Amino acid sequence: MRASVLAVLALVAWLYAPGFGGYWLGDDFGHLHQTFNWSQDGRLWTETLGKFAAPADAIGHFYRPLIFVTMSANFSLFGTHYAGWFLTNLLLHLASTWLVMWVVRRAAAVLDLDARIPSVLAALVFAASPLLVEGVMWLSARSDLAVTAMALLAAGLWLGPERKQPARIDARCLIPVLVVIALGFKESAAVLPLQLLLLAFARPVAIRRGGWIALAGTALAVAVFLVLRAWWFDSAWHAYNDGGDRHLRDALLSLPQWWRGVAQAAPAPALAWLAGSLMAAFAALRFGPGAAPRMRIAIAFACAGAGQLLATLLNLGVFAGNGEGGRLLYGPIAWFALSLGVLLLADSPQSPRAALVRHQAAMAFATFAAVAGLVASHARIAQFTAVQGEMRDLVSAIAGHASKHPGITVLAIPDQRMGIVAGRNGQGALALPPLQSSGLLNRVLPTLPDEMALRPAQFARGLGTQLELLKPVRADVTTLGRLLDPAPPGGTPDYACWSSQMRTIVALPALPPEKIDAQSCDGIR
């Protein structure tokens, strides 16, 4: 059994090994720049721990202090070496993969069934899912990985067999602690008490008092968290303050286009992973008195995942058509894998032949899904490493451009590529330390395509003058606010964009800024 676990983890680690040669994306640039500045000031952990006392920025209803703890720990341990930061994400993914196997085997122990092969297949269907690549390859998506790891550990503790002689300390007492940790990473952990309640009704052995006390403590922790959110944000649940109406119908209608975007690297293998997984679950369905306990647990796992997906759809509104957002399914797919693993538990050799044939078919479909998932994930990982390489080249090109071109260049950069976050949310850090040896924001101003039309008016109000006066080396709230203070107009900026095909900065001398959009340069799309 230990050999099978090690083999699965080694295979998943091999699959994601290219990530060690990757690079920062989107929000990662902001995290790196922020932790660097805190460290330079000698306030790395003072600032980090201060995140526990207040909600996050104004762009969303976020209270996620533990994500800052992990980023600061990465900087403390690895500095600006990307591979060390990526190791954290990979370890979380490997932990969740192992936990899927462990929870399936805990469920099998309760049912007195053999889970060796089913647990391996369930873990591979989960770990090789092409939808989850974003969660592993994008550093800032690690909150979903951490929440899922805590939820799986809590589910395993909750589902485990009762001892004939109760332990002095019930391991389930750890569950409220796990949910508090999960809530520190992301508000999606608030559904965990409901998921555990589903398992409580599905479990064939009655839960003793210690278990119910743990569940009550978990519910209390979530209630306190939601009250704090309502106090801070005037909303206990919604994480985004875009003000838009959210309708489940719109969210469901967005899924087909989103699927095409997320599966674009390898459409056939991705579809094979999805179809194979669903067919395996369908073929493994069993009914009748002997199968009732197993079916209850499998259905509870499936409903736990479906409920979390429903909450995500209601909160998000729609999935982006470009394919971004696979990280949001990290938890639901883990719960589905648990359901599949329980359904795959072997029947008795004395079962009717038809039942044995269906079980063999289910195992074959699950194996097919795992192999297809590995192929699709490999292709998706290649897309991520390509975009990461492009961002590395962009950072280098900014330094080269600043050394050769006088004045200031407003540079249009891609906000996303192939459904992968590229420059969004952290674009200022591309021209600042530690990625650059000195502050270059007064020479090259990275700008998202949607923001290009705003630049002429900003320069007319003195943005160029402020850039030259301040020569910023930081992209913090204070500095950014001062840049937008009114001042006499400065010089006229040049406009350019990043070409992903030529891997260079292309001047746009004849194109008005308001006309610079996704078609202005082949790298911005």
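Trainee: Let's begin with α8 and α15. At what angle do their axes cross?
Mentor: The axes of α8 and α15 cross at roughly 30° and come within 9 Å. Keep in mind that this is a predicted model.

Trainee: OK, so are those two roughly parallel or roughly antiparallel?
Mentor: Angles under 35 degrees count as roughly parallel, and α8 and α15 are therefore roughly parallel to each other. Their crossing is right-handed.

Trainee: Which residues make that contact?
Mentor: From α8 you have Asp144, Leu145, Thr148, Ala151, Leu152 and Ala155. On the α15 side they meet Tyr330, Gly331, Ala334, Trp335 and Leu338. Sorted by class, the contact of α8 with α15 has eight nonpolar, two polar and one charged residues.

Trainee: And α14 with α15, what's the angle there?
Mentor: About 170°, with the axes of α14 and α15 8 Å apart. Since that angle is over 145, the cut-off for roughly antiparallel, α14 is roughly antiparallel to α15. The crossing of this pair is left-handed.

Trainee: Who touches whom between α14 and α15?
Mentor: α14 brings Arg294, Met295, Ile297, Ala298, Phe301, Ala302, Ala304, Gly305, Gln308 and Leu309. α15 answers with Gly331, Pro332, Trp335, Leu338, Ser339, Val342 and Leu343. The class count for the contact of α14 with α15 is twelve nonpolar, four polar and one charged. Notice that Trp335 is in this list and also in the contact with α8.

Trainee: Changing topic: how many cavities of 30 Å³ or more does a search of the whole structure find?
Mentor: Four. Take the second largest cavity, which has a volume of about 70 Å³.

Trainee: What lines the second largest cavity?
Mentor: The lining is Val147, Thr148, Ala151, Ala182, Ser188, Ala189, Val191, Leu192, Gln195, Gln308 and Trp335. Two or more of the lining residues come from each of α8 (142-159) and α10 (192-202). α8 has the largest share, three residues.

Trainee: How much space is in the second largest pocket?
Mentor: About 590 Å³. It is lined by 25 residues, and those nearest its centre are Leu274, Leu278, Leu309, Ile333 and Phe336.

Trainee: Which helices supply that lining?
Mentor: α12 (248-262), α13 (267-283), α14 (292-316) and α15 (330-343) each supply at least two residues. α14 gives the most, with seven. As for class, 22 lining residues are nonpolar, three are polar and none is charged.

Trainee: Back to helix pairs. What about α9 and α11?
Mentor: Helix α9 (residues 175-185) and helix α11 (residues 209-233) have axes that come within 8 Å and cross at roughly 25°. That angle makes α9 roughly parallel to α11. The crossing of α9 and α11 is right-handed.

Trainee: And the residues in contact there?
Mentor: Ile175, Pro176, Val179, Val180 and Leu183 on α9, against Ala214, Gly217, Thr218, Ala221, Val222 and Phe225 on α11. Nine of them are nonpolar, two are polar and none is charged.

Trainee: Last topic, backbone geometry. Is the peptide bond from Pro433 to Pro434 cis or trans?
Mentor: The bond from Pro433 to Pro434 is cis, with omega near 5°. Pro434 lies in the loop between β3 (420-421) and β4 (444-447).

Trainee: What about Asn425, is its phi positive or negative?
Mentor: Asn425 has a positive phi of about 80°, although it is not a glycine.

Terms used:
Residues numbered from 1 in each chain as written. Predicted model: local features only at pLDDT ≥ 70, side-chain atom pairs only at ≥ 80, totals over all residues. Heavy atoms only, no water. 1 Å grid on protein atoms, 1.4 Å probe; cavity = no way out; pocket = protein on both sides within 12 Å on 5 of 7 lines; lining within 4 Å. Points joined across faces, edges and corners; volume = space filled by probe spheres on them. Helix = DSSP H or I, 4+ residues; strand = E, 2+ residues; numbered from the N terminus. Nonpolar A, V, L, I, M, F, W, Y, C, P; charged D, E, K, R; others polar. Axes fitted to C-alpha atoms, helices over the stretch in contact; angles between N-to-C directions. Parallel < 35°, antiparallel > 145°, perpendicular 65-115°, else oblique. Left-handed = near helix turned anticlockwise from the far one by under 90°. Contact = heavy atoms within 4.5 Å.
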